[in-house]
Amino acid sequence: MSGPLPPASYASYASGAMGEDYARHSRVQGSAGDHGMPLLHRALDAVVLPEGDAPFRVADLGAAAGSNSLTPMRAVVERVRGRTGRDTPVTVVHTDIPANDFNALFATVLDAPGSYAREPDVYVHAEPRSFYGRLFPAAELHLAWSAIAVQWLSRVPEPVRGHIYSARATGDARRALKEQSRADWTAFLTHRARELRPGGQLVVVGGAAADDGSSGAENLLDAADAVLVELVEQGLLRPAEYARMTIPTWNRTLTEFLEPLESEPLAETLRLDEHDLVALPDVILDAYDRSGDAGAFADRLTTFFAAAFGPSLFSALAPDRDPHTTDALTAAFRTRLAARLAADPRAAETHWHVVTLRMTRR
């Protein structure tokens with residue numbers, strides 16, 4: 001979702017749209033989403049199905065380029081039809097913020113070999129609005145799914161001082177980010193509770209943190225921040241631009257995820273059926289351990305970082321910049337980050353944390 005803007009605009013959505021290479025370099029997010037599949041299967045076994053010829057309606061919340069939506073949405077189509085014994089119509093609505101590349105999303109969903117969208121009586125739609133607002137009429141949905149999206153904040157209330165990552169925030173900035181995260185998560189749950197039918201299911205896989213607030217990605221984010229500081233020191237990045245650079249995420253602890261579900265009014269409408277906190281393996285470092293190719297490791301991790309976080313970071317650049325200097329800056333960032341990562345792959349070891357949750361609309 002959204003990211004750092006000039007100080008006067010912090011109340012606006014920040015640019016959390018994914019980079020153009022996101023669809024090809026989102027396997028880390030895909031592997032995280034895989035941890036939600038058992039919960040999705042159980043949700044599909046438990047959900048109250050539509051009657052007669054009415055369609056089954058599912059929302060894919062925070063779809064990005066759609067590459068990580070194919071497997072869960074195919075599971076929805078197959079499991080629902082397996083229960084009904086017929087080609088029950090299925091309507092899938094992929095949602096994301098307006099800045100998302102919906103052309104890429106539809107190209108992925110409609111053209112990918114074996115896509116769920118190629119099945120008969122499956123209808124694909126998109127909703128270009130933030131899931132921190134209302135997206136559907138009351139009791140519209142049978143199921144809602146969201147994977148590796150709810151850690152993005154609706155806005156940056158205050159930039160992180162001296163770093164780009166919220167886990168490194170201190171003082172007032174840390175308190176403001178945590179409060180924004182609390183408000184966003186409560187809003188997300190409140191709207192889904194209204195949009196789901198009684199007996200409807202909500203499955204969320206969210207970027208998370210351990211009890212001490214660490215996300216498991218601090219090594220990588222510290223490396224990226226160090227490169228940006230170098231670019232400031234060398235005059236390629238303006239100090240004011242760096243000061244505005246905050247990746248607009250907050251990885252919640254398990255306690256932060258569960259808190260609004262344990263008290264009224266949400267406890268009256270959403271029943272928490274299961275949850276877990278998982279530390280993910282470092283799939284990119286594992287590939288390096290097998291190959292020993294530090295250059296390939298660095299290229300892959302840099303490309304992942306640039307696709308996932310580059311748009312947020314570089315939205316902070318001054319609007320009066322010449323496009324050529326912007327291109328040179330982003331290229332210098334990628335080159336230097338790759339060199340830093342290749343020099344010591346183990347120093348960038350990353351074990352993202354995720355929370356998985358399944359809820360039922362009472």
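**Close-up views of a predicted model**

**View 1. Ile 148 in a loop.** Ile 148 has a relative accessible area of 15% and is therefore buried (under 20% relative accessible area, with exposed meaning over 50% and partly exposed in between; 1.4 Å probe, protein chains only). Its place is the loop between E4 and helix H5 (171–195); helices (H or I, at least four residues) and strands (E, at least two) are DSSP runs numbered from the N terminus. Although Ile 148 is not a glycine, its phi is positive, at about 55°. This is a predicted model, in which local features need pLDDT of at least 70, side-chain atom pairs count only at pLDDT 80 or more, and totals for chains, interfaces and linings use all residues. Residues are numbered from 1 along each chain as its sequence is written, and side-chain values use heavy atoms, with hydrogens and water left out.

**View 2. Strand E1 and its partners.** Five of the six residues of E1 (residues 56–61) are buried. Six bridges connect E1 with the parallel strand E2 (residues 90–95), where pairing requires at least two DSSP bridges between two strands. Arg 57 stands opposite Thr 91 in E2. Three bridges link E1 to strand E4 (residues 141–147), also in parallel, and Val 58 faces Leu 143 in E4.

**View 3. Asp 121 in a loop.** Asp 121 lies between helix H4 (102–111) and strand E3 (122–127). Its phi is positive, about 60°, although Asp 121 is not a glycine. At 36% relative accessibility, Asp 121 is partly exposed.

View 4. Glu 264 and Pro 265 are joined by a cis peptide bond with omega of about 5°. Pro 265 belongs to the loop between helix H8 (254–258) and helix H9 (266–269).
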